[in-house]
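Subject: Structure handover

Hello,

Here is the structure I promised you. Please open it first, then read my notes beside it.

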Amino acid sequence: MDDRLARLLAGYPAAGPVPDELMTPAGGIRPVWAPFIAAIAAMSPAERAARHARGDQYLADAGVFYRQYGTPDASERAWPLSHMPLLIDEEEWAGFTAGLKQRADLLEAVCADLYGENRLVADGHLPAALVAGNPEWLRPLVGVTPRGGRFLHFVAFDIGRGPTGEWWVLGDRTQAPSGAGFALENRIATTRVYGDRFGEANVHRLAGFFRAFRDSLIGLREGQGNRVGIYTPGPMNETYYEHAYIARYLGFQLLEGDDLIVRDGELLVRTIAGPKPVNVLWRRVDASWADPLELAEGSTLGTPGMLGAVRAGRITMVNALGSGVLETRALLAFLPRISEVLTGAPLAVPNIATWWCGQKAERDYVKANADAMTIGDAFETRMLFDAADVAVPGDAARPSEALGIGDWLDASGASLVGQETVTLSTTPAFDGGRLVPRPMSLRVFLARTPDGWEVMPGGFARIGRSASPQLSMQQGGSAADVWIVSKGPVRGETMLAPSQTQFVREQPSQLPSRAADSFYWLGRYVERAEHTLRLARAYHVRLAETGAAADPLLALIHEEMERFGSEPGEGLPRGAAQALAAAANATAAIRDRFAVDGWNALNDLSRTVRQLEKVTLVGDDMARALGVLLRKLSGFSGLVHENMYRFLGWRFLSIGRSLERALALTGLLALTADPDAPEGALDLAVEVADAVMTHRRRYSVATSRATVLDLLMLDPLNPRAVVYQLDAIAEHIGHLPGADALRPATPPQRAILKMRTEVALHTPDSLDTEGLRAIEAEIAALSGHLAAAYLT
Amino acid sequence: MTRYDIRLRIVYKYDTAASAGRHVARLLPAELPGEQRVVASTLDVSPRPAEWTTRVDFFGNTVSEVAFAGPHERIGFEVRAVVDVSEAGPQLDVSPRLETLAHEIAGARRLDARSPHHFTGPSQRAPIDPAVTAFAREAAPESASAFAAVVAVGAAVHAEMRFDTAATTVDTTMIDAFENRHGVCQDFSHVMIAALRGIGVPAGYVSGFLRTDPPPGQPRLEGADAMHAWVMAWCGSELGWVEYDPTNGVFAGSDHIVIARGRDYADVSPVRGTMRTSGDHTSVQQVDVVPMSGGG
């Protein structure tokens with residue numbers, strides 16, 4: 001071992017009480033790691049730090065987050081990447097993943113039995129109480145065979161390496177396993193860190209797995225033109241980022257329960273062009289929430305009638321509703337025997353030793369060995385980041401200290417299991433500049449393809465924060481990429497079809513009404529924030545000049561700002577901050593459809609707002625700070641305008657922006673062009689409309705009521721004029737579904753045409769305050785027409 | 001055998017029109033060989049639903065699912081049925097003692113609708129609660145037979161709880177009703193179910209109708225003006241299920257007409273639905289259960 005390697009591994013114990021992924025018990029480096037570790041050792045500490053920063057920067061830029069529960073705001077947390085991947089030799093990998101395929105087939109058979117004949121219960125291989133008492137055994141689906149006959153299409157296994165070096169299954173994930181998208185992001189980030197080494201390291205690529213699964217999902221459709229969707233609980237879910245990411249990566253629609261309706265047993269997406277069928281759902285919503293009519297009452301995440309569509313065989317769920325029953329911890333106690341019974345073969349990869357305490361002999365065993373056991377809920381179906389995800393010594397679920405373990409087991413045995421407390425192998429992680437061993441568990445993903453189960457060559461490793469076997473990320477662990485290392489060079493893979501084949505320009509997907517609504521309001525909120533900020537800046541500029549808040553012009557700005565929920569004196573206008581927060585919310589709901597750059601620009605804005613909220617500035621200083629915000633807003637708008645593909649979402653965003661601007665301008669003019677308005681009001685209007693230069697060029701005279709109304713209401717070439725915005729709205733509405741030159745105009749088309757004509761027929765003289773207020777009301781009413789036609 | 005003419009009308013009125021809605025209804029009397037025979041039954045729904053399907057749920061109950069597409073301000077369900085109900089024979093207590101009932105339950109290797117396993121653990125509306133369990137334990141010692149325990153617990157619920165149609169709503173929790181010792185048939189039933197499950201007796205919820213006017217010389221039963229509910233309890237593999245009406249402190253007999261059975265109200269709610277409406281709604285329910293001449 002050379003010096004540099006020795007420094008890197010200083011203090012890394014050669015042989016601990018548990019196996020280590022990097023080191024052999026004799027203290028040598030395992031062959032699969034040797035070249036990579038040598039390469040890392042050869043880097044200077046500064047180079048390593050720079051590389052780690054590159055990976056972190058990627059994750060920050062991509063906006064990777066997971067949601068942390070248990071904090072007051074269920075806040076989004078940056079993704080905790082371990083900068084050290086886990087390396088596994090491809091031969092070892094192939095060996096135990098073959099066992100995982102066998103396990104996936106076994107679980108499929110068990111699921112079919114639990115929802116079918118129930119032979120396992122009748123023959124005494126599974127206690128009836130374990131099924132009947134299981135909240136994930138969904139009675140409305142008993143007797144229902146899924147379309148296509150398969151319950152499971154995408155499963156994951158949490159595995160760990162036990163004391164003897166063998167791999168063990170710690171838990172089965174069959175309901176809606178998360179983590180595959182995060183595994184992809186870990187891979188991309190880790191590639192940023194070790195990009196040059198990655199190529200040399202002969203690491204199997206992940207894209208082939210995703211391509212195969214995507215094609216399988218498409219193959220599950222029945223009928224051409226039908227769509228595949230990813231069914232998500234929405235932005236408040238802890239792994240929503242992943243849902244949006246996967247949707248974008250695979251090119252599928254991201255759908256919430258509210259996007260879907262059932263009609264005559266068929267599942268449809270509510271789109272701006274009316275209901276459209278969806279045929280396959282990759283489900284990330286727990287089954288109990290899927291249908292408030294037959295499952296959890298009052299669920300707002302589901303769709304009434306969903307189960308009817310499943311029963312009618314009109315939809316394939318990946319995985320079938322009810323498959324969560326297989327995740328039950330207590331099932332691990334019976335699977336070894338069931339494997340023998342159903343397949344005639346023992347489990348190739350054993351699972352963690354488990355005893356169900358509903359049987360006396362097993363209960364007595366757990367009592368006698370309680371020190372070496374973890375005792376917990378028999379029906380627990382754990383989620384990726386749950387604190388209880390990996391067994392820890394003790395009996396965390398015991399209701400009170402006073403209750404002895406024996407009494408507890410006697411009283412509640414049927415709902416408890418004991419599991420052997422396992423110690424997991426360790427793998428290297430960076431701690432400052434050196435490597436330290438940390439406990440590790442691994443999530444492996446399997447997808448059903450027409451050729452059988454395919455295993456993702458890689459996965460998602462969870463690394464403990466300290467030497468204790470607590471692995472949960474909610475408690476501060478980290479996640480690592482998993483490299484399956486080949487002996488020789490591996491084939492490069494991408495999601496894209498080979499470029500020699502003829503390309504097809506795909507039809508833009510049908511825009512769900514809910515997403516259209518989010519785009520529309522994003523446009524409105526951003527514009528509203530801009531208007532409020534401009535008003536506030538005008539206020540502070542004038543305050544700096546006159547120094548007197550009693551100035552009638554300042555009072556007028558005050559009045560106008562109050563319409564938007566703000567008061568000018570308070571520092572950063574509250575209304576603007578609220579509008580930007582609402583814009584961020586709207587963006588969160590369309591994350592899968594929104595470019596990363598736009599998302600980052602909006603986040604940057606929110607950060608600036610938060611900073612400004614902490615300080616109190618007035619007058620000139622405040623005006624300057626508002627100027628910075630306005631420039632960032634322009635940056636966001638520019639990005640949207642320049643970069644966004646002209647799909648229908650962009651049109652709704654643009655309509656929202658134009659409508660809000662027309663509304664704000666008309667209101668502002670009603671106030672400032674009123675004969676009773678104070679001195680300087682017309683200049684104020686031109687300034688807030690950002691048209692000072694234009695006015696100077698177009699009229700070469702001081703502002704008058706006529707020039708200002710002409711420029712800001714009636715000039716079709718001025719992007720800051722109301723009529724220009726109405727033209728823009730009319731143009732966009734003409735491209736929305738239902739608008740067709742050969743057919744009668746849609747209600748929004750008629751409304752905008754009428755309004756446009758009325759405004760165009762005006763002259764500055766004919767526009768009085770009352771007329772302006774009437775136009776303002778009509779613009780506001782247009783929002784209702786749009787909502788009725790497209791957004792509900 | 002008694003033959004009944006049954007009429008039921010349920011109307012929901014919305015303050016603001018619902019734009020769409022989907023509802024499942026469990027309103028039709030059940031066909032139960034040996035216990036109850038449906039001579040004729042019809043369900044009318046207004047306005048005319050855009051979709052209407054009928055199926056049988058896990059527990060064997062008939063379910064009608066209806067969907068409304070257009071805006072509607074009210075929906076009405078109307079049932080007319082003629083049903084023959086058999087006299088229950090005298091119950092002979094051949095049930096095991098509570099101590100050994102668990103053993104018999106474990107021996108039941110089946111998961112069909114009548115398997116006791118569905119009815120042992122907590123359910124949505126009938127959780128197992130220490131105070132309720134203690135209440136049951138006081139009424140029925142461990143040495144009691146399962147059947148005796150059912151009678152004792154049912155009688156205790158009947159004696160302790162006050163029938164009060166104004167005290168609770170359809171959403172009142174079992175615990176709340178138990179602590180205040182009042183409620184209607186739904187509350188009485190949930191308390192009895194939770195109590196029985198607490199001491200290891202599988203127990204479920206039965207929804208149905210009650211004869212409106214008593215036979216001559218007998219007192220009028222509580223709950224006859226609306227749909228009724230009572231309790232089913234499993235007393236070992238030999239005796240099987242018995243049905244007890246804790247609201248009236250009697251076994252369910254020829255005055256009781258079964259609609260649906262489940263773990264608790266949530267499994268058998270007469271109408272469960274979702275609708276798009278911004279406002280509130282009110283509902284009315286009318287029930288008439290009249291013995292027909294020529295029957296009985």
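Helix H5 (residues 185-198) of chain B lies across S9 and S10 of chain B. The helix runs at about 15° to S10(B). Helices (H or I, at least four residues) and strands (E, at least two) are DSSP runs, numbered from the N terminus. Axes are lines fitted to C-alpha atoms, for helices over the stretch in contact, and angles run from 0 to 180 degrees between N-to-C directions. Two residues are in contact if their C-beta atoms, placed from the backbone, lie within 7 Å.

This is a predicted model: local features need pLDDT of at least 70, side-chain atom pairs count only at pLDDT 80 or more, and totals for chains, interfaces and linings use all residues. Residues are numbered from 1 along each chain as its sequence is written, while chains are lettered from A and ligands numbered from 1 in the order in which they are written.

Back to the sheet in chain B. Five strands form an open sheet there, in the order S12-S11-S10-S9-S13, with antiparallel pairing. Two strands pair if DSSP finds at least two bridges between them. At the edges are S12 (250-251) and S13 (256-262) of chain B, each pairing on one side only. S9 (residues 203-210) and S10 (residues 228-234) of chain B are joined by six bridges. Another helix, H3 (residues 146-160) of chain B, lies across S10 and S11 (241-245) of chain B. H3 makes about 15° with S11(B).

Now chain A. It has an open sheet of three strands, ordered S12-S14-S13, again with antiparallel pairing. S12 (354-356) and S13 (373-377) of chain A each have a single partner strand, so one side of each has no neighbour in the sheet. From one strand to the next, the twist averages 25°. S13(A) pairs with S14 (residues 416-420) of chain A over five bridges. There, A:Asp377 has A:Leu416 as its bridge partner in S14(A). Helix H12 (residues 360-368) of chain A packs on this sheet and touches S12, S13 and S14 of chain A. Its direction makes about 125° with that of S12(A).

Next, a helix pair. How do H23 (residues 722-733) and H24 (residues 747-761) of chain A pack? They meet at an angle of about 155°, with axes 10 Å apart. H23(A) and H24(A) are therefore roughly antiparallel (under 35 degrees counts as roughly parallel, over 145 as roughly antiparallel, 65 to 115 as roughly perpendicular and the rest as oblique). The residues of their contact divide into twelve nonpolar, one polar and two charged. Ala, Val, Leu, Ile, Met, Phe, Trp, Tyr, Cys and Pro count as nonpolar, Asp, Glu, Lys and Arg as charged, and the others, Gly among them, as polar.

Where do the chains touch? 19 residues of chain A are in contact with 19 residues of chain B. H5 (119-122) and H6 (128-132) of chain A each supply at least two residues of chain A's side. H6(A) gives the largest share, four residues.

Last, the domains. Chain B is divided into domain 1 (2-86 + 270-291) and domain 2 (98-268); the bounds come from an automatic or database domain assignment. Their centres, taken over C-alpha atoms, are 24 Å apart. 24 residues of domain 1 of chain B are in contact with 18 residues of domain 2 of chain B.

Best wishes
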